[in-house]
Amino acid sequence: MLYIGIDLGTSAVKLLLMNEKGEIKNVVSREYDIFFPQSGWSEQNPEDWFKEVLNGIDELTVNCDKNQIAGIGAGGQMHGLVILDKENTVIRPAILWNDGRTNEETDYLNNKIGKQKLSECTGNIAFAGFTAPKILWLKKHEPEAFSKIDKIMLPKDYINYMLSGVHCTDYSDASGTLLLDVKNKCWSNEMLSICGIKQSQMPKLFESYEVVGTIKKDIAQKLGISKEVKIAAGAGDNAAAAIGTATVGEGSCNISLGTSGTVFISSETFKADNANALHAFAHADGKFHLMGCMLSAASCNKWWLEDILKTEEYQKEQQNISDDKLGENHIYYLPYLMGERAPHNDTNARSCFIGLSMNSTREDMTQAVLEGVAFGIRDSLEAVKELGIQVNNSTICGGGAKSPLWKKILANVLNIELITPETEQGPGYGGAILAAVACGEYASVNDAVKKLVHITDKIVPEPKMAERYEKRYQTFRKLYPTLKNIFTEI
């Protein structure tokens, strides 16, 4: 049988076709626009997502036996606010995960409602990118739109609704709304009340590997596939990527170097750190996970190369950064292009280069960007260690993981072994695996990943290089506290 995995990203939707053995038969990508109506705002039209999903499925399945397609599973960008009216029409553009307009609402939740109350209700505190602050912003600034809300959805859930006709979400994605009681896996009535919304406006909750419904007849006819194709609930992008890298069970770790950067630690039981530096979310395998998320990771490198240096030759820009330079760079880079989540939770934080001199070169600054992101990832790993969780190795995925140099830097900054899965398709691969489980191809998520996910490469830290990076990291971690008040002023 064949399974379609959807990765609903920020700049494009990527789709893959997987058979029951986990082999990728085809991959396509379709881009759509992102809009920045004001400084710090970030929006997209949900209709554009679905249009390109349909176009992508058409392209993906052109040379396959469509009768073999059994299921569809999606992984998608988290936290985005999608609102529908009583006619199930999108009311306004979706407010995305990297939108920074909700400073006041985030402060209200954390300081007026209180972090302790939020943590008791949801296991987490408020971050500007979460869904609940967006709802409060909408209530205050666009009351007419707010009054029309019949259903609140997350990005990949809009795709599932358009495919199946079911208003649904999964626990992993719902965890990032600040509306879910994560520990008890139910909507928090107290948080819904705080945001002025009702249970009836929220989607039905599913485990990621559960079937939410079958594809709508008209969509099946349009795509030329069976109306019996099952739609899996799917997962938030990081949980889906973790499935695609076999990050399940107690203490398994995955690092994603995508547009954002994450440290993802799976857990058999619910855990939360006292400082709430990490997100305490449900996992797509039916258990839980901890996650540290930095808003700008591979996007830092893209910004530096394409917007500043005006080049798309990524490999060429890195080729002169030799091993003897690693851990010896005199320049530091703070990777806070759009503020930061873990561990600082500061929308005012901004990127900067520190340590420039007349001897500084283009290569030095490129290296500093790669190192700055690695140091930001390390910040989250330090919070994990404070919970008594020891991480000795991690899988790695995402666009940034295609760079051997960046992986070497990261392995030595973190001083852990980095493992590259054979199939590096991120959330799309995880979505396809969840679809296979939903269709009964495998008994469980754990069973599926053991059989489907294979390792192709390992990078081991070098003791002397790791020692040099340890000294540099100790300096790096002093920079944000020193500059915090300056960021607020500017």
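A: **E371 and its surroundings**

Leaving aside neighbours within four places in sequence, E371 is in contact (heavy atoms within 4.5 Å) with G327, N329, I331, I409, Y469 and R472. This is a predicted model, where local features need pLDDT of at least 70 and side-chain atom pairs count only at pLDDT 80 or more, while totals for chains, interfaces and linings use all residues. Residues are numbered from 1 along each chain as its sequence is written, and side-chain values use heavy atoms, with hydrogens and water left out.

E371 is part of helix 12, which covers residues 362-385. Helices (H or I, at least four residues) and strands (E, at least two) are DSSP runs, numbered from the N terminus. With a relative accessible area of 1%, E371 is buried. Buried means under 20% relative accessible area, exposed over 50%, and partly exposed in between (1.4 Å probe, protein chains only). One of the contacts of E371 is Y469. These two residues are 98 positions apart in sequence, yet their C-alpha atoms are 9.2 Å apart in space.

A nonpolar core is a set of buried Ala, Val, Leu, Ile, Met, Phe, Trp, Tyr and Cys residues joined through side-chain atoms within 4.5 Å.

The largest nonpolar core has 64 residues, and M18, L109, L179 and I197 touch the most other members. Helix 14 (residues 426-438) contributes the most to this core, with seven residues. I197 is in contact with I135, F146, I152, L179, L192 and M202, again leaving aside neighbours within four places. I135 is one of the buried residues of helix 3; the others are T131, A132, P133, K134, L136, W137 and L138. Helix 3 (residues 131-141) is mostly covered, with eight of its 11 residues buried. Those buried residues pack against strand 6 (82-84), strand 7 (94-95), helix 2 (103-122), helix 4 (143-147), strand 8 (151-153) and helix 7 (189-195).

N301 lies in helix 10, residues 298-308. It has 2% relative accessibility, so N301 counts as buried. Beyond four places in sequence, N301 touches Y314, Q318, V369, L370 and W406. T61 is in the loop between helix 1 (46-60) and strand 5 (69-76), and at 0% relative accessibility T61 counts as buried. T61 touches I4, K66 and I69, not counting residues up to four places away in sequence. V28 is 33 residues from T61 in sequence, and the C-alpha distance between the two is 9.8 Å.

Some backbone angles also deserve a note. Most residues other than glycine have a negative phi, and most peptide bonds are trans. K185 has a positive phi near 55 degrees, and K185 is not a glycine. K185 sits in the loop between strand 10 (180-181) and strand 11 (186-187), and its relative accessibility of 16% makes K185 buried. K310 also has a positive phi, about 55 degrees, although K310 is not a glycine. K310 sits in the loop between helix 10 and helix 11 (314-318). With a relative accessible area of 66%, K310 is exposed. A cis peptide bond, with omega about -5 degrees, joins A342 and P343. P343 is in the loop between strand 20 (332-334) and strand 21 (352-354).

Finally, the chain as a whole. Its secondary structure comes to 16 helices and 24 strands. Of its 490 residues, 60% are buried. Along its principal axes the C-alpha trace spans about 65 × 50 × 45 Å.
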